[in-house]
Amino acid sequence: MALQAVHVCDVHNLDHVPDNASLSLYSTRFSKGVELNREATFKMPKFMVVGHRGNGMNLLQSTDGRMKEIKENSIMSFNSAAKHPIDFIEFDVQVTKDDCPVIFHDNFILYEDNGTVFEKRVTELCLSEFLCFGPQKAGRAGRSLLRKTKDGKIVEWKVEKDDSLCSLQDAFQQVESSLGFNIELKFDDHIVYQQDYLTRVLQAILQVVFEHGKDRPVIFSSFQPDAALLVRKLQSVYFLTNGGTEIFYDVRRNSLEAAMKVCLQGGLQGIVSEVKGVFRNPGAVNKIKDAKLSLLTYGKLNNVSEAVYMQHLMGIDGVIVDLVQEITEAVSDLIKPSKMGEEEGGDGEMEVKSKPQFSQRELSFLFKLIPELIQH
């Protein structure tokens, strides 16, 4: 990743970042490079498939073995995703109490000691404490991890292919270099953060990105509006939203319209929405595109190829998925670069194959039907 003029370690306050500080992002899988700076508008070069937490998240209570194949947010998972024709992987970054960015989704680490279950907040651990959980690189037995499901049940974090926990620096150094990183800046939804804390955390993360990013494509995203606005002073960033499928104290998180307002006021590049929020409010897609913002989605429906294809037809720029192999194969089968566009030096627009196809009447019916289906 090419850097201009600034290192985060030299910036004591994010408000003091020079206006010309920027990162040049380029993917070898893209037909064109994408230059992002404070004035640029981010434009997706094509419909993207993004690996969720690498090769897919772990749902330990699921009967679907694919959701327990590889430890999520691990080097093994990232490199497994890289074997498929995807542009980016998405993963969650938190910062330990000794200012080391680590990759882990949950706010708490759960473990058992002498028959008692304990939990420790990731951000209250130092790096060495964090890395002692799970398999160890030296072959030693690490502390076994547990996980709390959404219904409150505590289960053993058992997957078919386990791997060590890792830091952000590990990912930059050990993951296929052409694979882009969508770094989610992870914060606890139930904590109100002060700006000085957000600034310290973002400085620690950006320091690692600047020192180890090299030419790797990188974008940021966050559910935390203030963190997204702060990091925008240095880098392209997306605002994560549930799109109104959940209600939060911070009203900026409660609708696609509110997310669009955050992006426009803060100069953010786009929105990453829970896909159900988009299907419930398909009219918002045109508003977002008219505002020159990119739109990606995440959620379980993105593991259904028909739902992904519908989003392509709607003009959505990309999807974050768990079933990386299945969805990349489906997208490859449904969407292919236009040969005419390539020969004429076009912009690589997509051409849809003969199946499936929907008439405008059928599309209208689907748009009306989908909101009813996803209410449950």
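**Exercise 1.** Work out how much space lies in the largest cavity, and what lines it.

*Solution.* Keep in mind that this is a predicted model. Start with the volume: the largest cavity holds about 60 Å³ of space. A search of the whole structure turns up three cavities of 30 Å³ or more. Finally, look at lysine 71 and tryptophan 157: the charged end of lysine 71 sits over the ring of tryptophan 157, 5.3 Å from its centre.

**Exercise 2.** Find how phenylalanine 91 and phenylalanine 181 pair up, and which parts the pair ties together.

*Solution.* The structure holds ten aromatic pairs. In this one, the centres are 5.0 Å apart and the planes make an angle of 80°. Angles over 60 degrees count as edge-to-face, so phenylalanine 91 and phenylalanine 181 form an edge-to-face pair. Then check the strands: phenylalanine 91 is in β5 (residues 88–95) and phenylalanine 181 is in β12 (residues 180–185), so the pair ties together parts 90 residues apart in sequence. Are they buried or exposed? Phenylalanine 91 is buried, at 0% relative accessible area, and phenylalanine 181 is buried too, also at 0%.

Methods. Residues numbered from 1 in each chain as written. Predicted model: local features only at pLDDT ≥ 70, side-chain atom pairs only at ≥ 80, totals over all residues. Heavy atoms only, no water. 1 Å grid on protein atoms, 1.4 Å probe; cavity = no way out; pocket = protein on both sides within 12 Å on 5 of 7 lines; lining within 4 Å. Points joined across faces, edges and corners; volume = space filled by probe spheres on them. Phe/Tyr/Trp six-rings, centres within 6.5 Å; stacked < 30°, edge-to-face > 60°. Helix = DSSP H or I, 4+ residues; strand = E, 2+ residues; numbered from the N terminus. Buried < 20%, exposed > 50% of the residue type's maximum accessible area, 1.4 Å probe, protein only. Lys NZ or Arg CZ within 6 Å of the ring centre and 35° of its normal.
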